[in-house]
Amino acid sequence: MQYPIQLRLAICSVVLLTLTFSPTSALPVGHENQPFWTEKSAFVEGDDIFVVGVATKARSFEEGRKQAFEQGKIELMNYAQITSLEAQGLVIETQMTYEEPNPEGTVTVYRLLRVPAAKLVAIQGRLNEQARAQEQSLEKTRQELNALQRSLIEKQNALEGHSTSLQEKSQRIEVQQRQVEGLLKQLAAKIPGTAVSATNGSQTTDSLMKQLKQAEAQLDEQERLLSEISLRAKSRIDKEWEGFKNKCNYLEKGMTEEEIRAIMGAPHAVKAWTWDEFRHSNGSSNHVEVHHFWRYNGRSMGLRLAFSKTGILIEKIFEFPDGGRIFCEPR
């Protein structure tokens, strides 16, 4: 069947317009030529680990290769949980690249990177060891900070106690001053009405003032003596505490009674255990049976040593008059 020439020209124009304005996604893009690894992010093959870095819409192939390499390193760090590859001395090799241009003039680059699996595992092990060492160091630092905090709290409490003592002394002095002022006012009110002469009145007032000053001096002397006695007692208590601590530092758990006696001398008292003392000594997790105790008594504190049935030292405790107890730990 023959069509007129005008109809044939119209049909050709429609076909050309259809091909010209067809969407790009409908045209073949050639993805069937891509290597299999471009669809992966990381995989293991043999003794090596492979990761894929992708750079899309790069302005040139050279720029795309660099971007793909950096993206591949990021994939490898995420895969191996390593924050810095160069710092660990890991050499990354490029196995192959795949490049393809994009319709808008940019390029897409796939870069396959390879690292030995054994090398990566060794780095991970070394990093884990370093992390454990850092955790131990941090824990030690935390314990030291806690000890320092406890020491500061103890010093603060001691300063508050000293401040309270000074405040009480100040209050006593103020009371004494008010009493003296009251006595002087009473004398000033009574002297004009007395039958003594002005001279005798002046002498009486001077005598009373002298007696008041002597009384105040006696109070100050008593205060000084009390302070000296307190300082001597504190010094004696401190020396006794240091003496007990020094001796206790030479005692080790597992020593026999003979060894203890050679260091500490004969005990002041020997006592079999009671249930309360047994429970305090052993707690709920350590069921070592306590057979008897030795006690070394001081004037301000004491040292209690717990022994097993076989006469082996198993516990060292400082005891205080207020019922407090502290374990004696080695230096």
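Visitor: Where is leucine 219 found, and why is leucine 219 called partly exposed?
Guide: This is a predicted model, and in it leucine 219 belongs to helix H4. Its relative accessibility is 35%. Buried requires under 20% and exposed requires over 50%, so leucine 219, at 35%, counts as partly exposed.

Visitor: How far apart are the C-alpha atoms of leucine 219 and glutamine 176?
Guide: They are separated by 9.6 Å, while the two residues are 43 residues apart along the chain.

Visitor: Which residues lie nearest the centre of the largest pocket?
Guide: Ser165, Leu166, Lys169, Glu223 and Ser227 lie nearest its centre, out of 18 lining residues. The elements giving two or more residues to this lining are helix H3 (117-190) and helix H4 (198-249). Here H4 gives the most, with 10 residues. About 600 Å³ of space lies in the largest pocket, and its lining has six nonpolar, six polar and six charged residues.

Visitor: Why is the pair of tyrosine 98 and tyrosine 110 called tilted?
Guide: Two values decide it. Ring centres must lie within 6.5 Å to count as a pair, and those of tyrosine 98 and tyrosine 110 are 6.0 Å apart. Planes under 30 degrees apart would be stacked and planes over 60 edge-to-face; the planes here are at 45 degrees, so the pair is tilted.

Visitor: What does this pair tie together?
Guide: Tyrosine 98 lies in strand E3 (residues 93-101) and tyrosine 110 in strand E4, so the pair ties together parts that are 12 residues apart in sequence.

Visitor: How do you know whether tyrosine 98 and tyrosine 110 are buried or exposed?
Guide: The cut-off for buried is under 20% relative accessible area. Tyrosine 98 has 16%, so it counts as buried. Tyrosine 110 has 12%, so the conclusion for tyrosine 110 is also buried.

Visitor: Why is the pair of tryptophan 294 and phenylalanine 307 called tilted?
Guide: The ring centres are 4.8 Å apart and the planes are at 55 degrees, so the pair is tilted. Tryptophan 294 is in strand E6 (residues 292-297) and phenylalanine 307 in strand E7 (residues 302-307), so that the pair links distant parts of the chain, 13 residues apart.

Visitor: Are tryptophan 294 and phenylalanine 307 buried or exposed?
Guide: Tryptophan 294, at 3% relative accessibility, counts as buried. Phenylalanine 307 has a relative accessible area of 0%, so phenylalanine 307 is buried too.

Visitor: How many aromatic pairs are there by this rule, and which residues form one aromatic cluster?
Guide: The count comes to four aromatic pairs. Phe36, Phe43 and Phe50 form one aromatic cluster.

Visitor: What makes the phi of lysine 57 worth a remark?
Guide: Most residues other than glycine have a negative phi. Lysine 57 is not a glycine, yet its phi is positive, about 55 degrees. Lysine 57 lies in strand E2 (residues 48-58). At 60% relative accessibility, over the 50% cut-off, lysine 57 counts as exposed.

Visitor: Which element has the lowest mean pLDDT, and which the highest?
Guide: Helix H1 (residues 5-20) has the lowest, 36, and strand E4 (residues 107-116) the highest, 94. Over residues 1-30 the pLDDT is below 50, and beyond near neighbours in sequence this stretch has three contacts in the model. For the chain, the mean pLDDT is 77, and 77% of its residues reach 70 or more.

Visitor: How many helices and strands does the chain have?
Guide: The chain has six helices and nine strands. Of its 331 residues, 23% count as buried.

Conventions. Residues are numbered from 1 along each chain as its sequence is written. This is a predicted model: local features need pLDDT of at least 70, side-chain atom pairs count only at pLDDT 80 or more; totals for chains, interfaces and linings use all residues. Side-chain values use heavy atoms; hydrogens and water are left out. pLDDT is the predictor's confidence in each residue, from 0 to 100. Helices (H or I, at least four residues) and strands (E, at least two) are DSSP runs, numbered from the N terminus. Contact means heavy atoms within 4.5 Å. On a 1 Å grid over the protein atoms alone, a cavity is a set of points where a 1.4 Å probe fits but cannot get out, and a pocket is an open set with protein on both sides within 12 Å along at least five of seven lines; lining residues have an atom within 4 Å of a point. Grid points are joined across faces, edges and corners, and a volume is the space filled by probe spheres set on the points. Ala, Val, Leu, Ile, Met, Phe, Trp, Tyr, Cys and Pro count as nonpolar, Asp, Glu, Lys and Arg as charged, and the others, Gly among them, as polar. Buried means under 20% relative accessible area, exposed over 50%, partly exposed in between (1.4 Å probe, protein chains only).
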